[in-house]
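This briefing goes through one protein model by topic, for a reader who has the chain on screen. Please keep the view open while reading.

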Amino acid sequence: MERDTFRIAFTAVVALLAAYSILPWALRYPVLLGKTRVWEPDPQFAHLRETCRALHPVQLHGCEKFKIIGDSLFAACAADWDLRRKWFPPMGEFGMSLEDQDIIRDSLYMVDLKTKELTLLSMPNFPEHVDFCVHGMDFVEVSPGEFSVYMVNHRRDASVVEKFRHKSGSKEILHLATFNGIQQGLVNPNDIFAVPVSSSSSTSQNAFFVTNDHYFRTSRLGRVLEQYLRLPTGSLYYHSTSTGFHKVRGRLPSANGITGFQDHKFDSTPLANMIFVASILDGVVTAYRYVPGKVAEKGGFTKVRDFTFDFVMDNLAMSQDGRWLYLTGHGEPGNLDRHWRSPNEVPSASVSYRMSLTELGAYFGNKGEIGESRVERIVVDRMGLIGNASTTAVGDDTLNKYWISGLTFRGIMECNLYTNLPDGEDMD
Ligand SMILES: *[C@@H]1O[C@H](CO)[C@@H](O)[C@H](O)[C@H]1NC(C)=O
């Protein structure tokens, strides 16, 4: 009798668990894998691809992340594709040992969007024998015309964050520091948000947030489990001179893209001190608010809300006017690894959306008045016609331009955001 009671109770608990957590988790699979996807962008973007041209397809290859500041586009790109295929921790490539004579020297490029002139930024004081394997990065203006640049560097001995200084108009970046968060658990850094510098405070020196996408580094089994079970093993770190690396959030299923507001014109709006972090294996972007200089203290870092999407996004980007959050990533993530191995045989769908930030009730008011926001589907490209495995995109409504790049893209695509065709007009 008692045994029956136990059985019934056990079954009930399992059923409840299934209903409340396992079922919603399981039901996300077909959505995120693209099985239920309608392979069309929104009608107003149906002809966007026809307006695209590749900027510098010969030099710019695999620019996983880029950022636009004013008229300059900065892109972190692979320099030697054979080396990238051998060594790129984000894709689980660890095929180069420390003894290997080759040194990885990837590139940070600058494209002048007015003249299209391309500049490879030199690194005159970066140690010659040290790897430079680039991935996520961010720029922040620290004084007029002077930028701090933070870049993830997947060196063979450790994945670290490098800090550089760049002066606008110059053709170089000067290396200032290397930050290594391995002791604190930052083993797989992915992308960075550089915290804007406040004029007076020194507590925010070298302040940035960095995502950690996996818990496991080289363990194949660990990585497979993390990926296929969508385990919440990613995390988010904050770094500053006074705090060192400090984990502000754990339990994020593959924390990847991160962005926020840097321009001081947002300081008096509810968007000030807000960042967005993508937990890509859940297709979720979370908005957080931080207190400058007090991120590591109690109440210094709080969650605002989650936004759920129907694809595995990668990097996030903010339009320069602060009105749109761009999310770009993978429409059929099940193909990504096979595309990486056979780029000429298997396409990897590129997907890019944007979410309006101005429609979120009073810009994320603090009385709970946050509604849903308009989401626009700009690129939904199953065959990778615009490029395969997109990772970063951003648009500019004033210039009517849109840029997109990805893991295996050649060049950065520059397109018209609006093609001036009335909704629904048929070109065919
Ligand atoms: C994307 O990948 C497919 C399959 O490998 C290939 O046919 C296509 O040309 C690629 N797209 C671009 C823009 O290179």
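**Buried strand residues and their surroundings**

Beyond its neighbours within four places in sequence, Phe193 is in contact with Asp138, Phe208, Phe209, Ile258, Thr259, Gly260 and Ile275. The model is a predicted one, and the domain assignment divides the protein into domain 1 (1-32) and domain 2 (36-416).

*Strand residues*

- Phe193 belongs to strand E12, which covers residues 189-194, and Phe193 counts as buried because 28 other C-beta atoms lie within 10 Å.
- Between Phe193 and His246 there are 53 residues along the chain, counted as their separation, and their C-alpha atoms are separated by 15 Å.
- Met137 is part of strand E8 (residues 134-143), and with 24 C-beta neighbours inside 10 Å it is buried, since 20 or more are needed for that class.
- Setting aside residues up to four places away in sequence, Met137 touches Lys65, Ala76, Val149, Tyr150, Met151, Val152 and Ile192.
- Met137 and Met123 are 14 residues apart along the chain, and 16 Å separates their C-alpha atoms.

*Helix H1*

- Helix H1 takes in 31 residues (residues 2-32), which at 1.5 Å a residue should span 45 Å, and its end C-alpha atoms are 43 Å apart, so the two values agree.
- H1 has a kink of about 45°, and the kink is centred on Ala18.
- The helix is hardly covered, for among the 31 residues of H1 the count of buried residues is one.
- Ala26, which is found in H1, is exposed because it has 10 other C-beta atoms within 10 Å, where 12 or fewer make a residue exposed.
- Ala26 and Gly406 are 380 residues apart in sequence, and from C-alpha to C-alpha they are 28 Å apart in space.
- Just after H1, Gly34 takes a positive phi of about 90°.

*The two domains*

- The C-alpha centres of domain 1 and domain 2 lie 37 Å apart.
- Where the domains meet, four residues of domain 1 are in contact with seven residues of domain 2, and by class the side of domain 1 that touches domain 2 has three nonpolar, no polar and one charged residues.

- Most residues other than glycine have a negative phi.
- Arg251 has a phi near 55°, a positive value in a residue other than glycine, and Arg251 lies in strand E15 (residues 244-252).
- Arg251 counts as exposed because it has 11 C-beta neighbours inside 10 Å.
- Ser254 likewise has a positive phi, near 55°, and is a residue other than glycine; its place is the loop between E15 and strand E16 (255-260).
- Ser254 counts as buried, because 25 C-beta neighbours lie inside 10 Å.

*Around the ligand*

- Which residues are around the ligand? They are Pro343, Asn344, Glu345, Val346, Pro347, Gly384, Gly387 and Asn388.
- By class, the shell around the ligand divides into three nonpolar, four polar and one charged residues.

Key:
Residues are numbered from 1 along each chain as its sequence is written. This is a predicted model: local features need pLDDT of at least 70, side-chain atom pairs count only at pLDDT 80 or more; totals for chains, interfaces and linings use all residues. A residue is near a molecule or strand if its C-beta atom, placed from the backbone, lies within 6 Å of it. Ala, Val, Leu, Ile, Met, Phe, Trp, Tyr, Cys and Pro count as nonpolar, Asp, Glu, Lys and Arg as charged, and the others, Gly among them, as polar. Helices (H or I, at least four residues) and strands (E, at least two) are DSSP runs, numbered from the N terminus. The expected span of a helix is 1.5 Å times one less than its number of residues. The bend at a residue is the angle between axes fitted to the seven residues ending there and the seven starting there. Domain bounds come from an automatic or database domain assignment. Two residues are in contact if their C-beta atoms, placed from the backbone, lie within 7 Å.
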